[in-house]
Amino acid sequence: MSQTLDPKIEQKLTLDLKTTLASNRLVGLWQMLKGFRWLFVGALLAVALGALARTYYYQVLRYVVDELLSGEQSLANLPWVALAFVGLAALEGLFAYLRGDWSAKLSEGVTLRLRNYLYDHLQRLPFAFHDYAKTGELIQRVTSDVDALRRFYADQALGIGRIVALFVINFTMMALMNARLAWMSIITMPIIVAMSYWFFGRVSKAYDHYQDQEAKLSTTLQENLTGVRVVRAFARQAYEMDKFNRENWEKYHRGKKLLVMHSLYWPISDIICAAQTIAVMATGALMAIRGEITVGTYMAMMGMLVWIIWPMRNLGRLIVQVSTGLVSYQRVVDVIMPDREDIVSGSVALDTQIQGGMTFENVNFAYEPMEVLKEHEKVDKKKNRKARKGQPEPEASEKKAEALKPVEVLHDISFTCAPGQVVALLGSTGSGKTSIINLLLRFYEYQSGHITLDGVELTEYPKSLLRRNVGIVEQEPFLFSRSIRENIAYGAGREVTQAEIEQAAQAAAIHDIILTFPQGYDTIVGEKGMTLSGGQRQRVAIARALLKDPRILVLDDATSSVDTETEEQIQQALSVLIPGRTTFVVAHRIQTVMGADLILVLDKGHVIQAGTHADLVRQPGLYRDIYDIQSRIEEEIVEEVADVAEEEPVEAFVEEGEYAPVYASVMPLN
Ligand SMILES: Nc1ncnc2c1ncn2[C@@H]1O[C@H](COP(=O)(O)OP(=O)(O)O)[C@@H](O)[C@H]1O
Ligand SMILES: [Mg+2]
């Protein structure tokens with residue numbers, strides 16, 4: 001099914017990075033190479049041997065000048081010399097090829113594995129992580145930062161090896177010929193190293209800022225594109241453009257700062273290196289004139305000198321680039337380190353048959369923010385630094401800490417339902433209905449009290465077992481940009497037939513509508529294709545949940561954007577499907593919840609009323625108020641429709657459920 005480039009590489013693609021990586025960045029980079037280390041060592045060796053071949057070239061040159069041209073050796077050796085030149089060039093070429101081939105394999109292989117790991121990891125992180133992580137930021141870390149790591153492995157890591165090899169080999173050769181000149185040619189080395197080190201720290205910081213800004217920019221872009229309807233509807237294009245422009249300028253400034261640092265480094269190191277070269281050349285020439293060294297040695301040493309100065313010049317550039325690799329490594333590790341959601345552990349066996357009896361006992365719950373992408377740490381560090389300088393703490397970070405404080409959204413929730421019963425949740429927006437649903441699926445963990453399923457504490461169930469047995473239709477169902485067929489089949493987790501898909505679609509009252517589309521079930525929904533209306537999306541999502549045939553069905557406001565007639569159709573279909581299944585239904589129409597075995601009326605996270613419809617209409621309270629309002633509206637509408645019908649009898653008017661929008665817009669809830 002999945003296609004990989006190379007079977008040998010495929011074997012190396014599974015590695016648990018989270019447990020593998022050490023906290024030290026250089027060690028971590030080496031650990032990330034696991035499975036590719038021989039390639040890396042091989043590439044390093046190729047680099048060193050290539051450098052050696054290049055250096056021997058100058059030795060042959062020295063031989064030609066000193067021995068052949070001076071007549072000390074017979075000119076008959078000339079063909080051998082020519083052969084040596086060609087051979088060394090060929091060797092250098094061969095090693096360059098091997099280095100390129102191996103470094104490409106290892107760098108692409110390591111980053112392929114890393115990207116796969118990150119993708120998998122991101123979809124296993126708990127909701128609490130995604131609540132606070134920005135999508136654009138995550139995308140940037142999986143793409144741009146991973147690419148910086150690829151460059152690190154492909155170029156910089158080997159580049160360092162190349163520099164060291166060239167330097168050591170050429171210096172040794174030179175020292176063997178003339179120690180004084182050799183030492184002289186590296187006299188400015190400490191200055192270069194110190195300077196590189198200084199730049200290293202600054203560039204690291206500048207690059208970190210730059211990447212942060214790039215992430216901000218992609219978040220802005222991504223939010224604008226996702227919220228394109230809101231932007232247009234509120235005519236906020238100018239505002240959005242302005243916002244993007246500001247972020248873009250900031251990126252420009254930070255990018256410029258980064259580049260200026262590079263361009264500052266170059267002239268300084270160039271001047272030092274040029275002075276160094278001239279000094280050695282002049283001294284060498286003087287020594288040759290005085291006869292302290294031969295002309296051939298002089299020529300060879302000048303050739304080697306170039307290959308000592310070159311590494312020194314490039315050391316700084318590489319150190320700077322390595323620093324970007326290290327920063328990107330840290331940014332990627334920030335995503336890797338948060339704990340995944342554990343979906344398999346729990347004392348209940350994975351193949352347990354769930355009956356569906358549920359109880360809540362004094363459950364309290366608050367959304368606890370999770371530490372995301374080290375934002376806190378940055379704030380804390382800044383705080384400490386400022387505090388040390390005796391400055392007042394930055395207000396922004398205090399506000400942030402305030403915003404991250406958990407707020408209790410469910411208080412002391414208790415109720416019981418038997419297997420197969422229908423529980424309805426009713427309450428205004430923000431009263432905590434979705435939060436109760438979130439606890440059922442263990443999307444979030446409750447902090448106190450007990451939730452039991454079939455008499456066993458919910459936390460004893462592996463999340464995967466729980467989620468396999470729960471079918472959910474969310475308030476704002478998400479459909480993938482794939483065909484309707486794929487979207488419906490998505491949750492089943494097995495091969496499903498067309499007949500099964502159609503059956504589910506029929507039950508969700510969407511089959512007939514799908515057939516009116518030119519491509520039927522193959523219609524692509526979402527971005528690239530036809531867009532469905534809110535009600536149609538919900539019905540596709542209902543079909544998806546039904547096809548899964550779950551023991552527990554959760555309908556979170558699943559029928560909020562369909563008209564009353566369609567809702568009735570769905571209700572009828574569900575009444576066939578609901579028996580035997582425990583069902584939680586969130587709705588704001590009394591009609592929808594009337595038949596439930598238990599109705600919970602929620603207000604600000606408290607259950608203020610509980611019972612059946614018959615119980616609740618008898619007692620004064622929120623439920624009866626809602627009931628009164630809704631039935632009054634309905635009566636009025638029926639009367640009005642009757643009036644209209646008397647004047648000109650249009651039966652279809654009523655049948656089509658045309659009054660639904662009026663009905664919905666005066667709803668006091670949701
Ligand atoms: N992921 C979340 N993180 C923090 N607070 C949340 C989150 N989701 C909802 N809330 C808060 O919890 C409260 C209850 O929300 P919710 O359960 O979605 O209400 P309902 O579904 O009844 O409209 C609201 O005050 C809301 O702001
Ligand atoms: Mg909700």
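A: Let us begin with a definition: two strands pair if DSSP finds at least two bridges between them. Strands of a sheet pair through backbone hydrogen bonds, either parallel or antiparallel. Please keep in mind that this model is predicted.

Q: What order do the strands take in the open sheet of 4 strands?
A: The order is β2-β1-β4-β5, and the pairing is antiparallel. The edge strands are β2 (408-417) and β5 (456-457), each of which pairs on one side only. Strand β4 (residues 448-453) is joined to β5 by 2 bridges in the antiparallel sense. At that pairing, L453 stands opposite V456 in β5.

Q: Which strands of this sheet does α15 touch?
A: Helix α15 packs on the sheet and touches β1 (358-366), β2 and β4. The direction of α15 makes about 65° with that of β2.

Q: How is the open sheet of 6 strands arranged?
A: Its order is β6-β7-β8-β3-β9-β10, and here the pairing is mixed. β6 (470-473) and β10 each have a single partner strand, so one side of each is left without a neighbour in the sheet. On average, neighbouring strands of this sheet are turned by 15° against each other, direction ignored.

Q: Which strands of the sheet does α15 touch here, and what angle does its direction make with that of β7?
A: In this sheet, α15 touches β3, β6, β7, β8 and β9. Its direction makes about 155° with that of β7. Another helix, α20 (residues 534-547), lies across β6 and β7 and runs at about 180° to β6.

Q: Where can parallel pairing be seen, and through how many bridges?
A: One case is strand β7 (residues 552-556) with strand β8 (residues 582-586), which run parallel and are joined by 5 bridges. Within this pair, L553 has T583 of β8 as its bridge partner. Strand β3 (residues 422-427) and strand β9 (residues 598-603) also run parallel, with 5 bridges between them. There, G427 has L602 of β9 as its bridge partner.

Q: In which sense do β9 and β10 pair, parallel or antiparallel?
A: β9 and strand β10 (residues 606-611) pair in the antiparallel sense, over 5 bridges. L602, the partner of G427, stands opposite V607 in β10. The hairpin of β9 and β10 has 2 residues between the strands, and K604 takes a positive phi near 50° in it.

Q: Which residues are around ligand 1?
A: They are D131, Y367, V409, G427, T429, G430, S431, G432, K433, T434 and S435. By class, this shell holds 2 nonpolar, 7 polar and 2 charged residues. Helix α15 (residues 433-440) gives the most to the shell, with 3 residues.

Q: Let us turn to helices. How is the packing of two helices described?
A: Two packed helices are described by the angle between their axes and the distance between the axes. Consider helix α7 (residues 135-177) and helix α12 (residues 295-336), whose axes come within 6 Å and cross at roughly 155°. An angle over 145 degrees counts as roughly antiparallel. That makes α7 roughly antiparallel to α12. Their crossing is left-handed, and the residues of the contact divide into 25 nonpolar, 9 polar and 3 charged.

Q: At what angle do α11 and α12 pack?
A: Helix α11 (residues 237-289) and α12 pack at an angle of about 165°, with their axes 10 Å apart. The two helices are therefore roughly antiparallel to each other. The crossing of α11 and α12 is right-handed. Among the residues that make the contact are H262, Y265 and S269 of α11 and V295, Y298 and M301 of α12. By class, the contact of α11 with α12 has 14 nonpolar, 6 polar and 1 charged residues.

Q: What angle separates α18 and α20, and how far apart are their axes?
A: Helix α18 (residues 498-507) and α20 pack at about 125°, with their axes 8 Å apart. They are therefore oblique to each other. α18 passes α20 in a right-handed crossing. The contact is made by E500, I501, A504, A505 and A507 of α18 together with A543, L546 and L547 of α20. These residues divide into 7 nonpolar, no polar and 1 charged.

Methods. Residues are numbered from 1 along each chain as its sequence is written. Chains are lettered from A and ligands numbered from 1 in the order in which they are written. This is a predicted model: local features need pLDDT of at least 70, side-chain atom pairs count only at pLDDT 80 or more; totals for chains, interfaces and linings use all residues. Axes are lines fitted to C-alpha atoms, for helices over the stretch in contact, and angles run from 0 to 180 degrees between N-to-C directions. Angles under 35 degrees count as roughly parallel, over 145 as roughly antiparallel, 65 to 115 as roughly perpendicular and the rest as oblique. A crossing is left-handed if the near helix is turned anticlockwise from the far one by less than a right angle, and right-handed if clockwise. Ala, Val, Leu, Ile, Met, Phe, Trp, Tyr, Cys and Pro count as nonpolar, Asp, Glu, Lys and Arg as charged, and the others, Gly among them, as polar. A residue is near a molecule or strand if its C-beta atom, placed from the backbone, lies within 6 Å of it. Two residues are in contact if their C-beta atoms, placed from the backbone, lie within 7 Å.
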